[in-house]
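Biologist: I have not looked at this one before. Can you walk me through it?
Modeller: Here it is; ask as you go.

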Amino acid sequence: MIRLSAGRRHPISSPRIAVAVALLIVGGHTVPATGSREPAEPAPVTLRLAMAADPDSLDPHRSSASMTEQIMLNVFDGLLNPTPDGGVEPGIAESYTISPDGLTYTFTLRPEVYFHSGNPVTTEDVVFTINRLRGADGGPALSSEFDDVEEIEAPDSRTVVIRLARPNSSFEKFLYRAIVPAGYYRQAEKPIGAGPYRFVEYMPQNRIVLERFDRYYGETGDVDRVIVRIIGDREARLLALRAGELDLADVPTDRLGEVEGQFRIVTALANSVFILGMNNARAPFNDPRVRQAISHAIDREEIIDFVFDGYGVELGSSMSPAMPEFFDEGLVGTHKPDLDAAQQLLEEAGYPDGFPVELRISGHSPIYTNTAQVIQQQLARVGIRTRIQVIEWSMWLSDVYTNRDFQMTLIDFTGKLDPYPVLRRYISDFRRNFLNYENEAYDEIMERALRSPDPETRARLYMQAQEILAIEVPAVFIADYQFIWAMDGRFSGYTPYPLFFHDVRKLRYAPE
Amino acid sequence: MSGTPTPTPAPSLLEVRELCTWFGPDDAPVRAVDGVSFRLERGQTVALVGESGCGKSVTGLSIMQLVPAGGRIVGGEVRLGGKELIRLDRQEMTRIRGRRMAMVFQEPMTSLNPLMTVGEQIAEMLRRHLGLTRGQATGRSAELLAEVGFPRPRRLLGEYPHRLSGGMRQRVMIAMAQSCDPELLIADEPTTALDVTVQAQILELLRGLTARADTAILLITHDLAVVSETADHVVVMYAGLVVESAPTRVLFSRPLHPYTQGLLACVTSITQAKKRLRPIRGTVPAPNALPTGCRFAPRCPRAFARCPSAVPPLVEVEDGHQVRCYLHPGGTR
Amino acid sequence: MSSTYLIRRLFSLATTLAVVALATFLAFEVIPGDPVLTMLGPDADPSLVAAMREELGTDLPLTARLANWVAGVLTGDLGTSIRYARPVGSLILDRVAVSLSVALLAMTAVVLVAIPLGIALAVRRSHWSEPFVATIIQVGMAIPSFWLGIILISVFGLSLGLFPTGGYVPFGAGLFASIRSVTLPAIAIAIPLIAVVVRYTRNSMIDQFSQDYVRTAFSKGFPVRHVVYRHVLRNAALPVITVLGMIFGNVVVGTIIIEQVFALPGLGLLLVTAVSARDFPLIQGLVLYITFFVTLFNLLVDLAYHVIDPRVELT
């Protein structure tokens, strides 16, 4: 809620009226919440948004939940920062060069960049950050993304040089990871970054508060304060939104009607890949014809209509159109809904009458349970009798994802800035290849893509890899669904990214 | 104890006239008490006698106006010292209970409040009705307990009922009932639940009460042995009606109603060491299925043609001796 | 009350806590699920997973973990939550403030509304009102708290704007705002409980009214008010106190559904999160706390019995 100025007390009971009144207070009556630059400044602008779960960790190097990133990317800046089109742009590094052999990255730091603690960001902090992530600071490695780093040094006070042991075309995209103050290990309690918003407080299962960091080197937009309410129950989130207690919250597609008039609706592709995963090591899924038959039997459009109310796009392989550079539209519809083709493939594989199968899914999201029901009906058309087993999320992670004990499952993988981590899931010896997909050709293409310094070659190789996946169907690639956000009409300029990120900097605010 | 009662010209202490107390639905009432009349003079003990279910307890409760849920007094009069009670409102009746008439119940085990000390239960009467202070009430409570025969009454004040025996509790009940010096004490089967030895103590206590304080007692009992020792006058009830009423000596020597005769025949008399028990055959009729005519007729060894025709009237066959039986149609009236 | 009694009860409390703690420990040994993976999700970086497992010692054998935990508890250290990277003790303590304020508010409402109402309904019984009252009580008890919560939010939060639709404001941020933030949840908790307690009070009173000592009290010439308040109430209180004690014990350790609907960071919500996150230190801490409170309330109810009813011996 927008804070009323100190010294003014209004007998107001409704938070909605309080907001309205607060907005009417203009001019010298108010004392701004953060450092004043001008004598007459309007009341501070607060953005109140909702989050469905607690952050996994406030320490940016110990967090991997996209939900956390959505908020905390506002607190941290990297050497490079993500761009809305899926690229990276200079952040703490003012400029950088990559040697032609793809092994040496040289960064020139921007002058006058400060941490929220007030200390300037130095090359020492950058070196510390990279060393912490790769486990060269005495602690364990916190990210395998930096495994290829051989050496990092700071030849002068504004230059950092990172040398890789071998080329890694994804490395550039990893460099949006947060730069943190050297020697500071209490990020999980009180995060300190160099981003546009500084962390104020966190009360688990209650809220996170951020405030504009006035010494941020870039533009910070209109929002002075961010209050993130943690509301796990979707009904409660919707009610809070409708009561005017939130300015930005997700809305389930089937409830859009309740908020459409009152709020600005923002939609964006989630850059996720929602799949029907099959255990490629187990019969009958070890036969590609069976997987293709299933791919033909699945009507993706029907799923999108039924589960996402049409807010989604069909996929043909493991890549979302949110990554335009790597998305191949031609792969969509590789296996069109075709029951005859499905039936024929099943017959060829020796299953003319289909087979019974267990679809083991996590119950933590209605997306899975709803989709499972549609799939159950679709597969029944070709004689595949599906039994749906709903289990708890952490059981799914241990039984299905880690122990690979399943026949079929549903999962929705969130996207990354770089295609490699998205496509890596199908590499034979990758630890998280829980679908047990094995294809030497695929492994080789992926390795070449990773090591190729030339962006065009790399893009071509990733397309090839996707083509293999589209034809071989280690999983049925169903859809990327859209996020639907309801935003208070006074805010504008919501900018979607191909990763989870509410970029508060870019929001504009205009009182009604 | 204070005050001797005013002499004879005054009305009877208690006069019950045509009292009717019914239970159950209006269209099919259970006539527990169906026109009972008797009177009780100051200092006198009258016994209300009959088998269980004859309506004697309900009569006692009707006089107190403590008829249990589902029951209601539908007619008749209850006069205490000439004052009609039935038409009094609840507040006025509340003022009479405890002060002018008190009651002792059959079940000493459950009749006291288990969560209050003996002292509290006596003292609350003294404080509420007589306006005594806490200290005065405590002192008086101890005296009252001494009067009912507790050797160390002070120590008893702080005891809870569950620590006392049945006889002790009944004595506490009597002390409590007596506390405001009532003119009338209704004792409903006060000894039934007690051991024989204790029974005698309690009866002694009641007798002492009439003697010392001139309190009148309505003794409700099924035990004729108790009656012979205690009562001045006996009223015999059967199926909601008074069937015979006579001074104790007269009743025991010349019972007129076959039912009374039957009852007396059942008694193991104190004077006779051993007597053959001759129970009355049959059972008491259910109050909702009363026979027409004389209600005892179906069980009566001497019933004749007239008996089922109509309920016989209660007639006075000699001074103070009334009977409801066609065998004794005349009388002096 | 004898001191041996208290010592015996405290000993049995300690035994209960130990048994419950061990049972929980073993239960989660059998139930699949990995705290690190659950927290970090399917996108977790393998290096990070390994680093955190190492740190948390989740790879240690059962006996070693149990020994570490017991040693910690005995020195007053409940360990560190995996999910929240904070000391379990302080995490629970933060939530106690929330759950306790909701519980106290709800229980105050229950006691102030249900007991007088139960007494009144017992004293003023009439044929025409009986089925009506019974229906209302039935409905009150049967209302799902989730639904009740949503209704309250819709009416008082959404339409009238009198209360926030959810969330919790700590005491520090203003007592009034803090109480306001727990009012609707407290009402949502209280309504079904009021129905339960009204029914208990009323039935208990009616039950007592048919007791012989009540007739005695009336025969002593006391008005209804005196009989009800001096005699019946204390006797009728015993079952009601048992129910109130049980209810308070349950409410004070958190109310999962209400906390979810109102986005209230209480103990219930914390427990749900702890279990689904397989946050073993937090689960253990919460189980200890909940067991302690429930046992404590049983003890208090027993003591209350003893104070009220001299027939109840503390053995």
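Biologist: How many residues of chain B are in contact with chain C?
Modeller: 27 residues of chain B are in contact with 20 residues of chain C. Keep in mind that this is a predicted model.

Biologist: What area do chain B and chain C bury between them?
Modeller: About 2,200 Å², with 59% of it on carbon and sulfur atoms. On the chain B side, L115(B), E124(B) and R128(B) supply 28% of the area buried against chain C, more than any other three residues.

Biologist: How many salt bridges are there between chain B and chain C?
Modeller: The count is 1 salt bridge. E124(B) forms a salt bridge with K220(C), and their closest N and O atoms are 2.9 Å apart. There are also 14 residue pairs in polar contact between chain B and chain C, counting pairs with both residues at pLDDT 80 or more.

Biologist: Which elements of chain B each supply at least two residues to the side that touches chain C?
Modeller: α1 (56-64), α2 (90-96), β6 (101-104), α3 (108-111), α4 (118-130) and α7 (166-178) of chain B. The largest share comes from α4(B), with 5 residues. By class, this side of chain B has 14 nonpolar, 8 polar and 5 charged residues.

Biologist: Now chain A. Where does chain A stand relative to chain B?
Modeller: No contact joins chain A and chain B, and their closest C-alpha atoms lie 48 Å apart. Of the 2 pairs of chains that touch, chains A and C have the most contacts.

Biologist: How many residues of chain A and chain C are in contact there?
Modeller: 51 residues of chain A are in contact with 50 residues of chain C. Between them, chain A and chain C bury about 4,000 Å², 52% of it on carbon and sulfur atoms. In chain A, the residues that lose the most area to chain C are R62(A), Q205(A) and L239(A), together 16% of what that side buries.

Biologist: And what is the count of salt bridges between chain A and chain C?
Modeller: It is 3 salt bridges. One of these joins the side chains of R62(A) and E55(C), at 2.3 Å from N to O. For polar contact, the rule finds 23 residue pairs across the interface of chain A and chain C, with both residues at pLDDT 80 or more.

Biologist: Which element gives the largest share of the chain A side?
Modeller: α10(A) does, with 8 residues. The side of chain A that touches chain C divides into 21 nonpolar, 13 polar and 17 charged residues.

Biologist: What about R166(A) and D148(A)?
Modeller: Their side chains meet in a salt bridge, 3.1 Å from N to O. D148(A) is buried, with a relative accessible area of 8%, whereas R166(A) is partly exposed at 41%.

Biologist: Which residues are linked in a network of salt bridges?
Modeller: R282(A), E358(A), R360(A), R387(A) and D405(A) are linked in one.

Biologist: Next topic, the nonpolar core. Which residues touch the most other members of the largest one?
Modeller: L276(A), I294(A), L410(A) and Y442(A), out of 176 residues in that core. Helix α5 (residues 88-123) of chain C gives the most to this core, with 11 residues. Apart from this core lies another, of 86 residues, including V33(B), L66(B), F150(B) and I217(B).

Definitions and conventions:
Residues are numbered from 1 along each chain as its sequence is written. Chains are lettered from A and ligands numbered from 1 in the order in which they are written. This is a predicted model: local features need pLDDT of at least 70, side-chain atom pairs count only at pLDDT 80 or more; totals for chains, interfaces and linings use all residues. Side-chain values use heavy atoms; hydrogens and water are left out. Contact means heavy atoms within 4.5 Å. Buried area is the accessible area (1.4 Å probe) that two parts lose on being put together, summed over both. A salt bridge is a side-chain nitrogen of Lys or Arg within 4 Å of a carboxyl oxygen of Asp or Glu. A polar contact is a pair of N or O atoms within 3.5 Å; within protein, one must be able to donate a hydrogen and the other to accept it, and residues adjacent in sequence count only if both atoms are side-chain atoms. Helices (H or I, at least four residues) and strands (E, at least two) are DSSP runs, numbered from the N terminus. Ala, Val, Leu, Ile, Met, Phe, Trp, Tyr, Cys and Pro count as nonpolar, Asp, Glu, Lys and Arg as charged, and the others, Gly among them, as polar. A nonpolar core is a set of buried Ala, Val, Leu, Ile, Met, Phe, Trp, Tyr and Cys residues joined through side-chain atoms within 4.5 Å. Buried means under 20% relative accessible area, exposed over 50%, partly exposed in between (1.4 Å probe, protein chains only).
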